[in-house]
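User: I have a structure open and I'd like to go through it in pieces. Can we start with single residues and work up?

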Amino acid sequence: MDPLDGIAPACRTSSPSKCAPFPIDPMTNLPLLLCPDCKDVNFVAFIVRNPHIPNLGRRFFKCPRNQPRNNKTCSRYSF
């Protein structure tokens with residue numbers, strides 16, 4: 001996934017905080033882009049907290065519709 005997908009060309013060289021309408025992740029200062037599959041919701045950020053998963057402590061981004069327990073409708077996520 002290209003990290004610049006969904007960013008307007010004028011914003012690719014500017015500070016992300018000046019490139020509305022994307023909300024900014026407070027830990028990484030990266031814009032929470034639109035899900036490339038759904039095209040109408042922004043990614044959300046999480047940290048892996050399950051000690052049985054090898055990515056423990058890593059930050060990841062996923063579509064808010066990626067909810068395995070609630071009939072997942074989107075499978076998009078990214079580390």
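User: Does Lys-39 count as buried or exposed?
Analyst: Lys-39 counts as exposed because its relative accessibility is 60%. Exposed means over 50% relative accessible area, buried under 20%, and partly exposed in between (1.4 Å probe, protein chains only). This is a predicted model, where local features need pLDDT of at least 70, side-chain atom pairs count only at pLDDT 80 or more, and totals for chains, interfaces and linings use all residues. Residues are numbered from 1 along each chain as its sequence is written, and side-chain values use heavy atoms, with hydrogens and water left out.

User: Where is Lys-39 in the chain?
Analyst: Lys-39 lies in the segment before β1. Strands here are DSSP runs of E with at least two residues, helices are runs of H or I with at least four, and both are numbered from the N terminus.

User: What is the phi of Lys-39?
Analyst: Lys-39 has a positive phi of about 65 degrees, and it is not a glycine. Most residues other than glycine have a negative phi. Asn-29 also has a positive phi, near 60 degrees. Asn-29 is found in the segment before β1, and it counts as exposed because its relative accessibility is 51%.

User: And Leu-30, what does it touch?
Analyst: Leaving aside neighbours within four places in sequence, Leu-30 is in contact with Pro-23, Ile-24 and Asp-25. Contact means heavy atoms within 4.5 Å. Leu-30 is in the segment before β1 and counts as partly exposed, at 44% relative accessibility.

User: Switching to the fold. How many helices and strands are there?
Analyst: The chain has 0 helices and 3 strands.

User: How are the strands arranged?
Analyst: The 3 strands form an open sheet in the order β1-β2-β3, with antiparallel pairing. β1 and β3 (77–78) are at the edges with a single partner strand each, so one side of each has no neighbour in the sheet. Two strands pair if DSSP finds at least two bridges between them.

User: How many bridges join β1 and β2?
Analyst: β1 and β2 (residues 59–62) pair over 4 bridges, in the antiparallel sense. Ala-45 stands opposite Phe-61 in β2.

User: Which residues make up the largest nonpolar core?
Analyst: The core has 9 residues: Phe-22, Leu-32, Leu-33, Cys-35, Val-41, Phe-43, Phe-61, Cys-63 and Cys-74. A nonpolar core is a set of buried Ala, Val, Leu, Ile, Met, Phe, Trp, Tyr and Cys residues joined through side-chain atoms within 4.5 Å. Across the chain, 23% of the 79 residues count as buried.

User: Tell me about Cys-74. Where is it found?
Analyst: Cys-74 is found in the loop between β2 and β3. At 5% relative accessibility, Cys-74 counts as buried. Not counting residues up to four places away in sequence, Cys-74 touches Cys-35, Asp-37, Cys-38, Cys-63, Arg-65 and Asn-66.

User: How far apart are the C-alpha atoms of Cys-74 and Cys-38?
Analyst: They are separated by 7.5 Å, and the two residues are 36 residues apart along the chain.

User: Last topic, pockets. Which residues line the second largest pocket?
Analyst: Its lining is Phe-46, Phe-60, Lys-62, Gln-67, Pro-68 and Arg-69. On a 1 Å grid over the protein atoms alone, a pocket is an open set of points with protein on both sides within 12 Å along at least five of seven lines, and lining residues have an atom within 4 Å of a point.

Methods. 1 Å grid on protein atoms, 1.4 Å probe; cavity = no way out; pocket = protein on both sides within 12 Å on 5 of 7 lines; lining within 4 Å.
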